[in-house]
Amino acid sequence: MQLTDLRSDTVTKPTPAMRQAMFSAEVGDDVYGEDASVNALEAKTAAMFGMEAGLFCPSGTMTNQIAIKVHTQPLTEVICDITAHIYQYEGGGIPFNSGASMALVYGERGKMTPQQVEAHIRPLDNVHFPETSLVALENTCNKGGGTYYTIAEIAAIAEVCQRHGLVLHLDGARVFNALAASGDSALDYGSYFDSISVCLSKGLGAPVGSVLLGSAAFIKRARRVRKVLGGGMRQAGYLAAACSYALDHHVARLPEDHRKAKAIEASLLQRDYIASVLPVETNIVIFKLNDRYTDKAFVDALAGKGILASSFGPQMIRFVTHLDITDTMLDHLLQTLQALDHTPVLSA
Ligand SMILES: *Cc1c(COP(=O)(O)O)cnc(C)c1O
């Protein structure tokens, strides 16, 4: 039986057409700037978001960490939500790579308000405090359960940044999911963010790759930092070709993933073993189990039916829908979820 792998949207494998695009990619040495496929991907992604330039990197962690390194100085402070990937899931990289600290905002499901951002800006000219240098948003918010900022909400935070002379970065690992759900235009993002990290290896289904976007001067600095971190790749065009294919062919289908996530949410709301479900906005479903299952027992029960899910903390489970989840797999999941009803309470 083919596994129904809902642990993450990173688990997708290249489609036959994507493999063909990789196979026939024109390549060169990208450290020399000579890989046509990488250059084309960087230019294409930058143009989509109204940015001057792009930089192809092996991972979204690297694009985020490079952006933070270029935008900050040691002893300065980055404002982000406490659930942010840059804080929770990048191995403590900000203090290590940039010597900067973090002001953590307790936002709503990963989203900060302009008022919260402004309240965390440090007073100037007081040596007790770190200097605020950067504000970082995440769209969609992973730990928030796939919530998204609208362009109006982004504009309001950008206005605070502008007033205080702060730089604004976007961790857009799932920015295309946010755009699909909000109907906002990617081009507008370029006018509000100083830098954007876009992942092609999440819902878009490329095997590897993220692109960092910003001004030509910013990307010039970023290219230097990428080399220092060991991220200068040579004939990377084979990977870039997969990313370009993903941008051309896998953006328009993202509402499919959102529809499947909504169907899973609707089923979960009927189940007798669910304490709560975070309202589904994009392709992430996070829910809490009641005392009929522990998260481990639940993950094991699903695994017995060929379905993989992530434990996301005590009693918490995460499903992520993506390109490789078919309607048949969705039906199998929905039937399995239903069949898990009426199990005895664990403690009984
Ligand atoms: C996946 C992800 C990243 C980047 O992860 P990599 O595995 O390093 O590519 C960054 N931010 C968010 C919100 C993510 O979900």
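How many helices and strands does the protein have? The protein has 14 helices and 13 strands, where helices (H or I, at least four residues) and strands (E, at least two) are DSSP runs numbered from the N terminus. The model is predicted: local features need pLDDT of at least 70 and side-chain atom pairs count only at pLDDT 80 or more, while totals for chains, interfaces and linings use all residues. Residues are numbered from 1 along each chain as its sequence is written, and side-chain values use heavy atoms, with hydrogens and water left out.

Consider the overall form. The C-alpha trace spans about 60 × 55 × 35 Å along its principal axes. For 348 residues a compact globule would have a radius of gyration near 20 Å, and the 21 Å of the protein agrees with this; the radius is taken over C-alpha atoms, and the globule rule is 2.2 Å times the number of residues to the power 0.38. Of the 348 residues, 53% count as buried (under 20% relative accessible area, with exposed meaning over 50% and partly exposed in between; 1.4 Å probe, protein chains only). Among contacts (heavy atoms within 4.5 Å) with a separation of 6 or more, 74% join residues 24 or more positions apart. The protein exposes about 14,800 Å², of which carbon and sulfur atoms supply 55%; accessible areas come from the Shrake-Rupley method with a 1.4 Å probe, and for residues only the protein chains shown count as cover.

The ligand is surrounded by residues that include Ser 59, Gly 60, Thr 61, Asn 64, His 85 and Lys 202, each with a heavy atom within 4 Å of the ligand. Helix α3 (residues 60–71) gives the most to this shell, with three residues. The shell comprises one nonpolar, five polar and five charged residues (Ala, Val, Leu, Ile, Met, Phe, Trp, Tyr, Cys and Pro are nonpolar; Asp, Glu, Lys and Arg charged; the others, Gly among them, polar). A backbone N or O atom of Gly 60 lies 2.8 Å from a ligand oxygen atom, and a polar side-chain atom of Thr 61 lies 2.6 Å from an oxygen atom of the ligand. An N or O atom in the side chain of His 85 is 3.5 Å from a ligand nitrogen atom. Taken alone the ligand exposes 380 Å², and the protein buries 83% of that.

Thr 132 is found in strand β5 (residues 131–138). Thr 132 is buried, with a relative accessible area of 15%. Its side chain reaches the backbone nitrogen of Arg 122 at 2.9 Å. Leaving aside neighbours within four places in sequence, Thr 132 is in contact with Glu 77, Ile 79, His 120, Ile 121, Arg 122 and Leu 166.

How values were computed. Polar contact = N/O pair within 3.5 Å; in protein donor to acceptor, adjacent residues only side chain to side chain.
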